[in-house]
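Biologist: Please take a close look at one part of this model and walk me through it. Start with the contact, then go on to what lies behind it.

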2 protein chains.
Amino acid sequence: MNTTGCKTVAVVGLGLIGGSIAKAFQKYTPHRVLGLDRDTAVMREALDCGAIDEAITPAQLAQASLIYLCLYPQAAIDFIREYGCFIAPGCIVTDTCGIKTEICAQMPQLAASYGFTFIGAHPMAGRERNGFVMSDADLFLGASFILTPCGAAAEAVAELKRTTMPLGFSASVETTPEDHDRLIAFTSQVPHALACAYVMSPCCPRHKGFSAGSYRDVSRVANINEELWSELFLDNAAPLSAELETLIRHLSLIRQAVDSRDRDRLRELLRQGRLVKEELGE
Amino acid sequence: MNTTGCKTVAVVGLGLIGGSIAKAFQKYTPHRVLGLDRDTAVMREALDCGAIDEAITPAQLAQASLIYLCLYPQAAIDFIREYGCFIAPGCIVTDTCGIKTEICAQMPQLAASYGFTFIGAHPMAGRERNGFVMSDADLFLGASFILTPCGAAAEAVAELKRTTMPLGFSASVETTPEDHDRLIAFTSQVPHALACAYVMSPCCPRHKGFSAGSYRDVSRVANINEELWSELFLDNAAPLSAELETLIRHLSLIRQAVDSRDRDRLRELLRQGRLVKEELGE
């Protein structure tokens, strides 16, 4: 691998996302990858398989010019409160949290006090299973890289994109934390809530032999990490609740049309759904 | 193709399902395939591409020892009322309707009056798009073939399975029409209602750049044929309404936990979903 322009990046938290970022850096870039995880067995595994070049302690974060915090939202904030003093001045610190309002409300102030730049980010990729064991250098191929710069200097944002896009992302988009969270409530959180609600039907345990792609697709993400998602849901409570209310209202309209045997109304409701998809070219 | 045990089968209605059945018979069996569709252009296309061996009129149905009715539910019943007189005594007639209670309530009597055997069936396969143009000889690979025999002789049921399973099905299951419809309300109808209700969110047109697999999977079947599905929904109104009520109730429980910021309750609800999937080994 060509080492021109080689940087030192640090990945904090080697779960599914952190492990995949480390592996993608190794596969697609010349950069040197430092790894930190509270589980020393995971750090050893990451070293052994070549996902990271060096397992470090928080004090060694000073070597990195770019740090990816791949932790739960509250843990990411707590980590910076405790170890922000070790981060080199001018370093760019980013995160991978699925919800941005909360973390972007707290990080810029911490960043200013320690002299680094914080840029919120959300790589839009995931798997049904978690942990380093599921991490994959190709997790981000074709995915969208969402940034919430919150006032970070344009040059720092450009530098983060220049370093991160080669991990396989196909597009990047910048927005505010609030706009991000409203859209993510719809695109990601509602489908997860939905999958869990759906499989709670008493019919679910009998589905085999009577199901095909529709069941599989709706139920897929019910294989949820409830510890992480309950935190993500509550960090985004108002937008998520509003989206759930919208969904419940539309489902109730369909149910009412079914109950009243109103074929015209039912056809019209289903047609509305089809038209949305068609207008999106999907 | 070996022609030992060659039968003459007729496919009535050459849309997505009928076209796929015809093509699968040509690809995987030695049987002779007759085709009938009210659209003569479709019959010509099916002949030209070799999906059927002969385009027939209703009067020529007498040649077939097995007839697949691949029509909407009411159209299938109407077709038999009008043309049942042409069906050979002892012929096995089956259908492909996604809802079975209604058709199985009417067909056996018609079958008895015309001297053929009716066996309800539901090949569990589909696509987001319809019509002969979407038909595919491999549509049924790995799919489940559901039968609702409703008192048909065991030998006739065995004969239907023997002839149909080679089209690519991986399993067959027999049940009552009522049990079928209750399970299908859950496995297939709710996901379709859900997909339409989901994409009606005002956020949907802005999803690009903010979405990944979860959005894609839940919204996929919103590309609905509202003419067909409004009929299927109303043919199964009571079971579908009950399943929608169950789903709305579970979604509301999740929403309440979010609204009251009750992390323990939320974690427990999501955990219930995960456990259902885990117990199913999915």
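Modeller: A salt bridge here is a side-chain nitrogen of Lys or Arg within 4 Å of a carboxyl oxygen of Asp or Glu. Between chain B and chain A, 12 salt bridges are counted. One of them joins B:R263 to A:E227, with the closest N and O atoms 3.3 Å apart.

This is a predicted model, so local features need pLDDT of at least 70 and side-chain atom pairs count only at pLDDT 80 or more, while totals for chains, interfaces and linings use all residues. Residues are numbered from 1 along each chain as its sequence is written, chains are lettered from A and ligands numbered from 1 in the order in which they are written, and side-chain values use heavy atoms, without hydrogens and water.

Polar contacts come next. A polar contact is a pair of N or O atoms within 3.5 Å; within protein, one must be able to donate a hydrogen and the other to accept it, and residues adjacent in sequence count only if both atoms are side-chain atoms. Chain B and chain A share 44 residue pairs of this kind, both residues at pLDDT 80 or more. Several elements of chain B each supply at least two residues to the side that touches chain A, among them strand 7 (144-148), helix 6 (177-199) and helix 10 (263-279). Helix 9 of chain B gives the most, with 17 residues. Helices (H or I, at least four residues) and strands (E, at least two) are DSSP runs, numbered from the N terminus.

Now the extent. Contact means heavy atoms within 4.5 Å. Chain B puts in 86 residues and chain A puts in 86 residues. Buried area is the accessible area (1.4 Å probe) that two parts lose on being put together, summed over both. Here that is about 8300 Å², and carbon and sulfur atoms give 68% of it. On the chain B side, B:F186, B:M200 and B:F210 lose the most area to chain A, together 10% of what that side buries.

Two strands pair if DSSP finds at least two bridges between them. The sheet is open, with eight strands in the order 3-2-1-4-5-6-7-8 and mixed pairing. Strand 3 (54-55) and strand 8 (171-174) are its edges, each pairing on one side only.

Take strand 5 (residues 92-95) of chain A. Residues count as buried under 20% relative accessible area, exposed over 50% and partly exposed in between (1.4 Å probe, protein chains only). A:I92 and A:T94 on one side of strand 5 are buried, and so are A:V93 and A:D95 on the other. Strand 4 (residues 66-69) of chain A pairs with strand 5 in the parallel sense over four bridges. There A:Y68 has A:T94 as its bridge partner, and A:L69 stands opposite A:D95. Strand 6 (residues 117-123) of chain A also runs parallel to strand 5, joined by three bridges. A:I92 has A:T117 as its partner in strand 6. The chain gets from strand 5 to strand 6 through helix 4 (residues 101-114) of chain A, and this β-α-β crossover is right-handed. Right-handed means that, with the strands pointing away from the viewer, the path from the first strand over the helix to the second runs clockwise.

Helix 4 of chain A holds A:A112. A:A112 counts as exposed because its relative accessibility is 64%.
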